[in-house]
Amino acid sequence: MTRFEFISQFQHIRQPKIEPDFPLRKTGRPAAVLIPLVDYGDKLKVLLTERAHHLKHHAGQISFPGGAVDETDKGYFDAALREADEEIGLPPQNVDIVGMLPRYRTISGYEIAPVVGFVDPNFTPVIDKNEVESAFEVPLNHLLNRKNHLIHTTHRGNQSFPIYFIPYKERMIWGATAAMLRNLSHHIHP
């Protein structure tokens, strides 16, 4: 999939480059992630991170750059770009934001705004080892292919919750990251 193909299919859910209803309504703790699409011309890849192994929460998990919205952030886009700059050294001016997916609510109470943006393939991540173990790319076509999406149902109290998994080589993308990629897949290929 090329950038042009992605944008033409993303248009039907694309939100304008203005902040939607910020601050977040009081239903969850506000957070934002950047879904960085690396544009190689004839193909797109998604830049993902492996969280640092020493972290107290979600150590070693595969994730997008992102985190909680700070009071200094002007909105979701600002939070996603700030976090990407802090975690992988991606300067905000090097991201071309194309829109945002519908917010994703986690079991832990975060309401995450997935911001989608294009990144130049010449960008070299500068990893903050306090937060990130490594950064790597996965072909977007692999992540959008629903044949690669696995679902496991878990129970908490008397409620059931699906947990999504997307294997890629020796890595396992799961949880909120896999769920947001699955949402992206459903928006690109309804």
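Predicted model: local features only at pLDDT ≥ 70, side-chain atom pairs only at ≥ 80, totals over all residues.

User: How many bridges join β10 to β11, and do they run parallel or antiparallel?

Analyst: Four bridges join them, and the two strands run antiparallel. Strands here are DSSP E runs of at least two residues and helices are H or I runs of at least four, numbered from the N terminus. Two strands pair if DSSP finds at least two bridges between them. Residues are numbered from 1 along each chain as its sequence is written, and side-chain values use heavy atoms, with hydrogens and water left out.

User: Ok. Which residue is the bridge partner of Tyr 168 in β11?

Analyst: That's Arg 171.

User: And what is the strand order in that open sheet?

Analyst: β9-β10-β11, three strands with antiparallel pairing. β9 and β11 are at the edges with a single partner strand each, so one side of each has no neighbour in the sheet. On average, neighbouring strands are turned by 35 degrees against each other, direction ignored; the axes behind that are lines fitted to C-alpha atoms (for helices over the stretch in contact), with angles running from 0 to 180 degrees between N-to-C directions.

User: How do β9 and β10 pair?

Analyst: In the antiparallel sense, over seven bridges. Ile 151 stands opposite Tyr 164 in β10. The two strands form a hairpin with two residues between them, and Gly 157 in the turn has a positive phi of about 65 degrees.

User: Which non-glycine has a positive phi?

Analyst: Lys 169 is one, at about 50 degrees. Lys 169 sits in the loop between β10 and β11 (171-174).

User: Is Lys 169 buried or exposed?

Analyst: Exposed, because its relative accessibility is 70%. The cut-offs are under 20% relative accessible area for buried, over 50% for exposed and partly exposed in between, with a 1.4 Å probe and protein chains only.

User: Switching topic: where does Asn 148 lie?

Analyst: In the loop between α3 (140-144) and β9 (150-156). A polar atom of the Asn 148 side chain is 2.9 Å from the backbone oxygen of His 142. Leaving aside neighbours within four places in sequence, Asn 148 is in contact (heavy atoms within 4.5 Å) with His 142, Phe 165, Ile 166 and Pro 167.

User: Now the inside. Which residues touch the most other members of the largest nonpolar core?

Analyst: Phe 6, Leu 140 and Ile 173, out of 33 residues. A nonpolar core is a set of buried Ala, Val, Leu, Ile, Met, Phe, Trp, Tyr and Cys residues joined through side-chain atoms within 4.5 Å. Elements giving two or more residues include α1 (3-10), β1 (29-39) and α4 (176-188), and α4 gives the most, with six. A second, separate core has 20 residues, among them Val 38 and Phe 77.

User: What does Leu 140 touch?

Analyst: Not counting residues up to four places away in sequence, Leu 140 touches Met 1, Phe 6, Leu 37, Leu 44, Lys 45, Val 46 and Leu 184.

User: What about Thr 2, why does it count as partly exposed?

Analyst: Because its relative accessibility is 22%. Thr 2 is in the segment before α1, and its C-alpha is 6.1 Å from that of Leu 44, 42 residues apart along the chain.

User: Last one: how many helices and strands does the chain have?

Analyst: Four helices and 11 strands. Of the 190 residues, 46% count as buried.

Terms used:
Polar contact = N/O pair within 3.5 Å; in protein donor to acceptor, adjacent residues only side chain to side chain.
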